[in-house]
Amino acid sequence: MNHLFREYLVSQSVWRKLSVPDFTMFPEAEFIEWLTKVISTLSLDKCRIFCGTLWAIWGDRNSCIHNKKSRSSQETVVFVHGYLKELDGIKTAKQELISLGRKWRPPPVNFDGANDERRKVSASGVVIRDRTGCVLLTSTDLHSDVESAFAAEVVTCPRATQIALEMNRGDVIIEGDSLSIIKKCNSTDRDKSMVGAYIQDIHRLKEKINRIRFEYIPRSANNVAHLLARNL
């Protein structure tokens, strides 16, 4: 683990560009000790960047192994800054809703899928939040024999529904950025398309949840689930 975060040339370049004093600190420490000591020395802002960078490097490592793709150090830096900016935007939006006195709806379950058509492998990302917008759970999975991006989305939706069921969520909103899939999930007709088996699985799971509805949201509002899927 130390080798990945501290010794790879790309990782070292990322740390330098982000101005986070990581790999030069406590060089003899084991990973957990190093992680604890570094975090204890950083300001809150630096700690956010540090943790975001750890996640980005780990995600890039997984992408390199599974998809044979990797980011440059500059691309990783841009990703980290963009992700933290997105989190700040979520926080600001939540504060604005509270200040306007709007009532929170039951928290959504967000899902998204990504696909490698060459290898016929897809990745799914699922995010569950509480009523204040804080993340309770994230889930990522790999699926084989998936031939299209559309199929990758369909594979992910039953997973999101199953997670909601396992968490005993009685009132569920499941959000995704594929309008076609959302329509299929809400339809009462038997789906006869190539993805019909997955839609039937979703309908069977729906019967086990008291109140559930599927809603479409644009990709811009589904970025966390999207990033989880793309970086697996």
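Colleague: At roughly what angle do the axes of helix 3 and helix 4 cross?

Modeller: The axes of helix 3 (residues 31–41) and helix 4 cross at roughly 150° and come within 10 Å. That makes helix 3 roughly antiparallel to helix 4. Angles under 35 degrees count as roughly parallel, over 145 as roughly antiparallel, 65 to 115 as roughly perpendicular and the rest as oblique. The axes are lines fitted to C-alpha atoms, for helices over the stretch in contact, with angles from 0 to 180 degrees between N-to-C directions. Helices (H or I, at least four residues) and strands (E, at least two) are DSSP runs, numbered from the N terminus.

Colleague: What should I keep in mind about the model itself?

Modeller: This is a predicted model, in which local features need pLDDT of at least 70 and side-chain atom pairs count only at pLDDT 80 or more, while totals for chains, interfaces and linings use all residues. Residues are numbered from 1 along each chain as its sequence is written, and side-chain values use heavy atoms, with hydrogens and water left out.

Colleague: Which residues of helix 3 and helix 4 meet?

Modeller: Trp 34, Leu 35, Val 38 and Ile 39 in helix 3 meet Cys 47, Phe 50, Cys 51 and Leu 54 in helix 4, where contact means heavy atoms within 4.5 Å. By class, this contact of helix 3 with helix 4 has eight nonpolar, no polar and no charged residues. Ala, Val, Leu, Ile, Met, Phe, Trp, Tyr, Cys and Pro count as nonpolar, Asp, Glu, Lys and Arg as charged, and the others, Gly among them, as polar.

Colleague: On to helix 6 and helix 7: at roughly what angle do they cross?

Modeller: The axes of helix 6 (residues 149–166) and helix 7 (residues 179–186) cross at roughly 40° and come within 10 Å. That makes helix 6 oblique to helix 7. On the helix 6 side, Phe 150, Glu 153, Val 154 and Cys 157 meet Ser 180, Ile 181, Lys 184 and Cys 185 of helix 7. By class, the contact of helix 6 with helix 7 has five nonpolar, one polar and two charged residues.

Colleague: And how far apart are the axes of helix 7 and helix 8?

Modeller: Their axes are 9 Å apart, and helix 7 and helix 8 pack at an angle of about 50°. That makes helix 7 oblique to helix 8. Lys 184, Cys 185 and Asn 186 of helix 7 make the contact with Ile 199, Ile 202, His 203 and Lys 206 of helix 8.

Colleague: What is His 203 in contact with, leaving aside its neighbours within four places in sequence?

Modeller: His 203, which lies in helix 8 (residues 196–206), is then in contact with Lys 184, Cys 185, Ser 187 and Asp 189. His 203 and Thr 161 are 42 residues apart in sequence and 9.7 Å apart in space, C-alpha to C-alpha.

Colleague: A change of topic: which element gives the most to the lining of the second largest pocket?

Modeller: Helix 4 gives the most, with five residues. The lining of the second largest pocket divides into six nonpolar, eight polar and six charged residues.
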